[in-house]
Amino acid sequence: MEFNKEYFRNVILRLIPMFEEHRDYLSKLDSDIGDGDHGINMSIGFREVEKQIDKIYEETDDIASFYKKVGMIILGKVGGAAGPLYGSLFMKAGEDVKGQNSLTFPEFVNFIENGIKSIEARGKAVVGDKTMVDALRPAIDAMKNELESGKSEIEIFENFVNELKEGSDRTIPLIAKKGRAMRLGERAVGFRDPGSFSSYLIYKEFLEEMKKLDE
Ligand code: ADP
Ligand code: MG
């Protein structure tokens, strides 16, 4: 499978309506253990991405710089903790593939891991802190382990998305050690971390677009 710049644009074109559709649910999750703005924040950011996508797609000539511009818009528009974190996810993903207009599956996996690493570097959260890292880190580790498994690329990526969902589920019984929910102590127990769910939703769209490559 080959992941070209058009694939990466189509993913963004999916994320825009996805964040509209899930805006209220994500904000509801955030109102349980935060300030209730996560869905609104993401929707504001991706509305701005929608306005600028044609321009930034045309003015960039590789995947890395296209996503860097997407990340810069998110960084500039999305408020709260998630803005800088998701901004850096998109900005840093392409660091190892500068100048490329097409990625192999292993390069694509590395692209995703680079984004996750930048979230970890910025937010300093580790697994168990009740953040998006609880979804992202175990899922990317599982995917890397499957690269040599002989499974199809779609199957490996489907497992990645399932692991993200499970990682998000595992945040429910936790006490938060990072972010706004930290202040709640025991009162955060029983509620899902909103960022872990938005992370799952993001890569679900990468998967949906990947299925089109497979047709
Ligand atoms: P805020 O908490 O500032 O209102 P959002 O509501 O947009 O920001 O985003 C909250 C989400 O950000 C949390 O659900 C959590 O997943 C994530 N988050 C917060 N702090 C960190 C951190 N230090 N590292 C990783 N993720 C974090
Ligand atoms: Mg919030």
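User: Is Lys69 buried, partly exposed or exposed?

Analyst: This is a predicted model, and in it Lys69 is partly exposed, with a relative accessible area of 30%. Partly exposed covers the range between the cut-offs of 20% for buried and 50% for exposed.

User: Which residue forms a salt bridge with Lys69?

Analyst: A salt bridge pairs a side-chain nitrogen of Lys or Arg with a carboxyl oxygen of Asp or Glu within 4 Å. Here the partner is Glu59, and the closest N and O atoms are 2.9 Å apart. Glu59 belongs to helix α3 and Lys69 to helix α4, so the pair ties together parts ten residues apart in sequence. Glu59 is also partly exposed, at 42% relative accessibility.

User: How many salt bridges are there by this rule?

Analyst: The count is 21. Among them is the one between Glu113 and Arg137, at 2.9 Å from N to O. It links helix α6, which holds Glu113, to helix α7, which holds Arg137, across 24 residues. Both Glu113 and Arg137 are buried.

Lys178 and Asp129 form another, at 3.9 Å from N to O. Lys178 is in the loop between α8 and α9 and Asp129 in the loop between α6 and α7, so this pair ties together parts 49 residues apart in sequence. Lys178 is partly exposed at 30%, while Asp129 is buried at 7%. Shared partners also join Glu113, Glu120, Arg137, Asp141 and Lys144 into one network of salt bridges.

User: How should I read the packing of two helices?

Analyst: Two packed helices are described by the angle and the distance between their axes. The axes of α2 (residues 23-33) and α9 (residues 194-214) come within 9 Å and cross at roughly 160°. Angles over 145 degrees count as roughly antiparallel, and α2 and α9 are therefore roughly antiparallel to each other. On α2 the contact is made by Tyr25, Leu26, Leu29, Asp30 and Ile33, and on α9 by Pro194, Phe197, Ser198 and Leu201. These residues divide into seven nonpolar, one polar and one charged.

User: How many residues of helix α5 are buried?

Analyst: Nine of the eleven residues in α5 (residues 82-92) are buried, including Leu85, Tyr86, Leu89 and Phe90. The elements covering them include α1, α3, α4, α6 and α9.

Definitions and conventions: Residues are numbered from 1 along each chain as its sequence is written. Chains are lettered from A and ligands numbered from 1 in the order in which they are written. This is a predicted model: local features need pLDDT of at least 70, side-chain atom pairs count only at pLDDT 80 or more; totals for chains, interfaces and linings use all residues. Side-chain values use heavy atoms; hydrogens and water are left out. Axes are lines fitted to C-alpha atoms, for helices over the stretch in contact, and angles run from 0 to 180 degrees between N-to-C directions. Helices (H or I, at least four residues) and strands (E, at least two) are DSSP runs, numbered from the N terminus. Angles under 35 degrees count as roughly parallel, over 145 as roughly antiparallel, 65 to 115 as roughly perpendicular and the rest as oblique. Contact means heavy atoms within 4.5 Å. Ala, Val, Leu, Ile, Met, Phe, Trp, Tyr, Cys and Pro count as nonpolar, Asp, Glu, Lys and Arg as charged, and the others, Gly among them, as polar. Buried means under 20% relative accessible area, exposed over 50%, partly exposed in between (1.4 Å probe, protein chains only).
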